[in-house]
Amino acid sequence: MTTLNEQTIANSRKVFDACDLNGDGFLDQGEFHVLLVALDGDVSREELLLDFEVADTTGDGYIEFREFVAWWTN
């Protein structure tokens, strides 16, 4: 298990908050899609669903900050 430093967590929080467009504390597929497009350009529906499934470790349809950090830092 990797221990994250404060700077990595703070940077992850900035990215997460910028992507959380409605400010509810979670990323839905639409918000996550915006992030993927910003990172990689054109993202297919299949790529979105695959990455979202990997990040959403609880399977509840939303990515919370803890899940995001694990995905973002890997």
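## Aromatic pairs, salt bridges and a charged patch

The count comes to 8 aromatic pairs, a pair being two rings of Phe, Tyr or Trp (its six-membered ring) with centres within 6.5 Å. Planes under 30 degrees apart count as stacked, over 60 as edge-to-face, and the rest as tilted. This is a predicted model, in which local features need pLDDT of at least 70 and side-chain atom pairs count only at pLDDT 80 or more, while totals for chains, interfaces and linings use all residues. Residues are numbered from 1 along each chain as its sequence is written, and side-chain values use heavy atoms, with hydrogens and water left out.

Start with Phe16 and Phe65. Their pair is edge-to-face, with 5.5 Å centre to centre and 75 degrees between the planes. Phe16 lies in helix 1 and Phe65 in helix 4 (residues 65-72), so the pair ties together parts that are 49 residues apart in sequence. Helices here are DSSP runs (H or I, at least four residues), numbered from the N terminus. Phe16 is buried, at 0% relative accessibility. Phe65 is buried too, at 17%. Buried means under 20% relative accessible area, exposed over 50%, and partly exposed in between (1.4 Å probe, protein chains only).

Now move along helix 4. Phe68 and Trp72 have ring centres 5.5 Å apart and planes at 20 degrees, so this pair is stacked. Both residues lie in helix 4, 4 residues apart, about one turn of the helix. Phe68 is buried at 0%, whereas Trp72 is partly exposed at 30%. One aromatic cluster takes in Phe16, Phe32, Phe52, Phe65, Phe68, Trp71 and Trp72.

Charged contacts come next. There are 2 salt bridges, each defined by a side-chain nitrogen of Lys or Arg within 4 Å of a carboxyl oxygen of Asp or Glu. Arg13 meets Asp17 at 3.3 Å, N to O. These two sit in helix 1 (residues 6-19), 4 residues apart, about one turn of the helix. Arg13 is partly exposed at 34%, and Asp17 is partly exposed at 42%. Arg66 meets Glu64 at 3.4 Å, N to O. Arg66 is partly exposed at 49%, as is Glu64 at 23%.

Last comes the surface. Asp40, Asp42, Glu46 and Glu47 gather there in a patch of negative charge (residues with over 30% relative accessible area and no salt bridge, like charges joined within 9 Å). Asp42 sits in the loop between helix 2 (29-40) and helix 3 (45-55). Asp42 is exposed, with a relative accessible area of 76%.

Definitions and conventions
Patches are made of residues with over 30% relative accessible area and no salt bridge: like charges are joined within 9 Å, nonpolar side chains (Val, Leu, Ile, Met, Phe, Trp, Tyr) within 5 Å. Accessible areas come from the Shrake-Rupley method with a 1.4 Å probe; for residues, only the protein chains shown count as cover. Lys and Arg count as positive and Asp and Glu as negative; His and the chain ends are not counted. The place of a charge is taken as NZ of Lys, CZ of Arg, CG of Asp or CD of Glu.
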